[in-house]
Amino acid sequence: ALMEAHLRRAIEFNELSIHLQPQMDLTNNSINSFEALLRWNNRKFGFVSPAQFIPIAEASGLIIEIGDWIIDEVCRYQKEWQMKGYRPVRIAVNISPKQFRKENFARKIEAALKKYSVPPKLLEVEITESSMTNVHETFSILTELKQLGVYVSVDDFGTGYSSLSYLKRYPIDIIKIDQSFIADIAKDDKNEAIIKAIISMSHNLGLEVIAEGIEEPSQVDFLKRHRCQKGQGYLYNKPLPVETIVEQYFVS
Ligand code: G
Ligand code: G
Ligand code: MN
Ligand code: NA
């Protein structure tokens, strides 16, 4: 409850920031996109992990305000980068179930894109299977997002309890293979069989596929051998402050 009280004032006190993690094209080591990851530095608690405070934000409903803030920030960066003539790069944003299902979610995204004149193709919405509780509702939100022209990805793929039928039902663009599978490459044959199946299923469905949590060159070799072309992880970069990303990838 104390943490919730502090979180309630985090935006006002400028305690939230966004880090960006590059998502690579594994075939030529170029940047394909970024994932935005929230960071909170509180006066009392210091740095608090999103794994700790996102559930609090979700339970208290604060996630709506925080989520709106993230989308606004990300669109603001895009505008700024566009004005400075930087190469356009898509940014993926994690969306909590409550935020996804809140009425007017797609309209809010549309408004933020419009506010900063950002092309929809430069925004990606990452949802998890836990957002897809109601078929009719999920279909209608995803269809609106599709019509807007933003990308939609399924985060932590392979760890939920959903049936695979949603892949044919919903307009999804990208599958993100959960990092637990990548961590077990070369340790577990069954695990490797599952990754191969996810990659080939993604290709056959016309979906993009990206591997999360890459830490070892041998994992890249495996992924490339099985035609997974995209990936992210500490081997390439940790999530970094936006200024660092700009210096490293745009100004040089
Ligand atoms: O970046 P890190 O590994 O600490 O993130 C931990 C968890 O918090 C991950 O599950 C990640 O998806 C989630 N997370 C990070 N940033 C955001 C955010 O901006 N919004 C939401 N909803 N979840 C986030
Ligand atoms: O749930 P989601 O996939 O959005 O969470 C991403 C989380 O994974 C972030 O907290 C991010 O900091 C973390 N992460 C990113 N790359 C790596 C990696 O190579 N190894 C590990 N262990 N975590 C990673
Ligand atoms: Mn994610
Ligand atoms: Na994930």
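Before the sheet entries, I noted the rule for pairing: two strands pair if DSSP finds at least two bridges between them. Helices (H or I, at least four residues) and strands (E, at least two) are DSSP runs, numbered from the N terminus.

**Ground rules.** I am reading a predicted model, where local features need pLDDT of at least 70, side-chain atom pairs count only at pLDDT 80 or more, and totals for chains, interfaces and linings use all residues. Residues are numbered from 1 along each chain as its sequence is written, while chains are lettered from A and ligands numbered from 1 in the order in which they are written.

**Entry 1, the whole chain.** I counted eleven helices and ten strands in the chain. Its C-alpha atoms fill a box of roughly 50 × 50 × 35 Å along the principal axes. I then looked up the radius of gyration, taken over C-alpha atoms, for which the globule rule is 2.2 Å times the number of residues to the power 0.38. For 252 residues a compact globule would come out near 18 Å, and the chain agrees, because it has 18 Å.

I also checked burial: a residue is buried if 20 or more other C-beta atoms, placed from the backbone, lie within 10 Å of its own, exposed if 12 or fewer, and partly exposed in between. By that count, 33% of the 252 residues are buried.

**Entry 2, strand E1.** I started with E1 (residues 16–25), which pairs with E2 in the antiparallel sense over ten bridges. Gln-23 stands opposite Ser-33 in E2. The two strands form a hairpin with four residues between them, and Asn-29 in the turn has a positive phi of about 55 degrees.

What else does E1 pair with in the antiparallel sense over two bridges? I found E10 (residues 240–241), where Leu-240 faces Leu-20. E9 is also an antiparallel partner of E1, again over two bridges, and there Met-24 has Gly-231 as its bridge partner.

E7 (residues 174–177) and E8 (residues 208–211) run parallel over four bridges, with Ile-175 partnered by Val-209 in E8. E8 also pairs with E9 (residues 230–231), in the parallel sense over two bridges, and Ala-211 is opposite Gly-231.

I picked Leu-7, in helix H1 (residues 2–8). Is Leu-7 buried or exposed? Leu-7 is buried, because 24 other C-beta atoms lie within 10 Å. Setting aside residues up to four places away in sequence, Leu-7 touches Phe-53, Ile-56, Ala-57 and Leu-62; contact needs C-beta atoms, placed from the backbone, within 7 Å. Leu-62 is 55 residues away in sequence from Leu-7, yet 8.1 Å away in space, C-alpha to C-alpha.

A residue is near a molecule if its C-beta atom, placed from the backbone, lies within 6 Å of it. Around ligand 1 I found, among others, Leu-37, Ser-49, Ile-70, Asn-94 and Pro-239. Strand E2 (30–42) and helix H2 (50–60) are the elements that give two or more residues to this shell, and H2 gives the most, with three.

For classes, Ala, Val, Leu, Ile, Met, Phe, Trp, Tyr, Cys and Pro count as nonpolar, Asp, Glu, Lys and Arg as charged, and the others, Gly among them, as polar. The shell of ligand 1 has eight nonpolar, three polar and no charged residues.

Notes:
Two residues are in contact if their C-beta atoms, placed from the backbone, lie within 7 Å.
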